[in-house]
Amino acid sequence: MQHAYAPYSHFKVGAALLTAKDEIISGCNVENASYGLSNCAERTAIFSAMAQSGPGLVIKAIAVVNDQGVPCSPCGACRQVIYECGPEAIVIFQSANGWKESPITELLPEGFRLQ
Ligand code: THU
């Protein structure tokens, strides 16, 4: 979160990913002047993990924090990316009712998988 590049939203987010090999890889949001090109902390962590360790990445869990201490659950795009590498992943995030741990399949029912 401290490494976040968020000059447009001023909303700094960090994600910590726990892999099946029990490694922890972190990520932050990286924004762009062309707003739509911004990348969320969750996807930065997942893409970094894969860049470091290869395509065999399996996500056991991913936790998300922000610098404002407000509710912040992963966006739809990140849910699909988490599901790709972690169909059994647990997502830890701040909800409107405090900290929550949810299976990704609860946050993203019927996630897309290419047959
Ligand atoms: N953001 C994340 O990094 N993760 C989330 O789960 C929600 C939103 C970022 C994207 C953008 O840089 C900023 O927060 C405001 O939307």
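Five strands form an open sheet of mixed pairing, in the order β2-β1-β3-β4-β5. Strands are DSSP runs of E with at least two residues, helices are runs of H or I with at least four, and both are numbered from the N terminus. Two strands count as paired if DSSP finds at least two bridges between them. The edges are held by β2 (24–28) and β5 (98–103); each has a single partner strand, so one side of each lacks a neighbour in the sheet. Neighbouring strands are turned by 20° against each other on average, direction ignored. Axes are lines fitted to C-alpha atoms, for helices over the stretch in contact, and angles between N-to-C directions run from 0 to 180 degrees.

The model is predicted; local features need pLDDT of at least 70, side-chain atom pairs count only at pLDDT 80 or more, and totals for chains, interfaces and linings use all residues. Residues are numbered from 1 along each chain as its sequence is written, and side-chain values use heavy atoms, with hydrogens and water left out.

Strands β1 and β2 run antiparallel and are joined by 5 bridges. They form a hairpin with 4 residues between them. Asp22, in the turn, has a positive phi of about 60°. Strand β3 (residues 59–66) pairs with β4 (residues 90–95) in the parallel sense, over 3 bridges. Here Ile62 has Val91 of β4 as its bridge partner. Helix α1 (residues 41–53) packs on the sheet and touches β1, β2 and β3. The direction of α1 makes about 135° with that of β2. Contact means heavy atoms within 4.5 Å. Strands β4 and β5 pair in the antiparallel sense over 6 bridges. They too form a hairpin, with 2 residues between them. Val91 has Ser102 as its bridge partner in β5.

Ala15 lies in strand β1. Ala15 counts as buried because its relative accessibility is 4%. Buried means under 20% relative accessible area, exposed over 50%, and partly exposed in between (1.4 Å probe, protein chains only). Ala15 stands opposite Gly27 in β2. Beyond its neighbours within four places in sequence, the contacts of Ala15 include Ile25, Ser26, Ala41, Ala45, Ile62 and Val64.

In helix α2 (residues 76–85), the residues Cys78, Arg79, Val81, Ile82, Tyr83 and Cys85 are buried. Their cover includes α1, β3, β4 and α3 (104–107).

A search of the whole structure finds 1 salt bridge (a side-chain nitrogen of Lys or Arg within 4 Å of a carboxyl oxygen of Asp or Glu). Lys60 forms a salt bridge with Asp22, and the closest N and O atoms are 2.6 Å apart. The pair links distant parts of the chain, 38 residues apart: Lys60 is in strand β3, Asp22 in the loop between β1 and β2. Lys60 counts as partly exposed, at 38% relative accessibility. Asp22 counts as exposed, at 51%.

Tyr5, Tyr8, Val30 and Tyr35 make a nonpolar surface patch of about 440 Å². Patches are made of residues with over 30% relative accessible area and no salt bridge; like charges are joined within 9 Å, nonpolar side chains (Val, Leu, Ile, Met, Phe, Trp, Tyr) within 5 Å. Areas come from the Shrake-Rupley method with a 1.4 Å probe; for residues, only the protein chains shown count as cover. Tyr8 sits in the segment before β1 (13–19). Tyr8 is partly exposed, with a relative accessible area of 38%.
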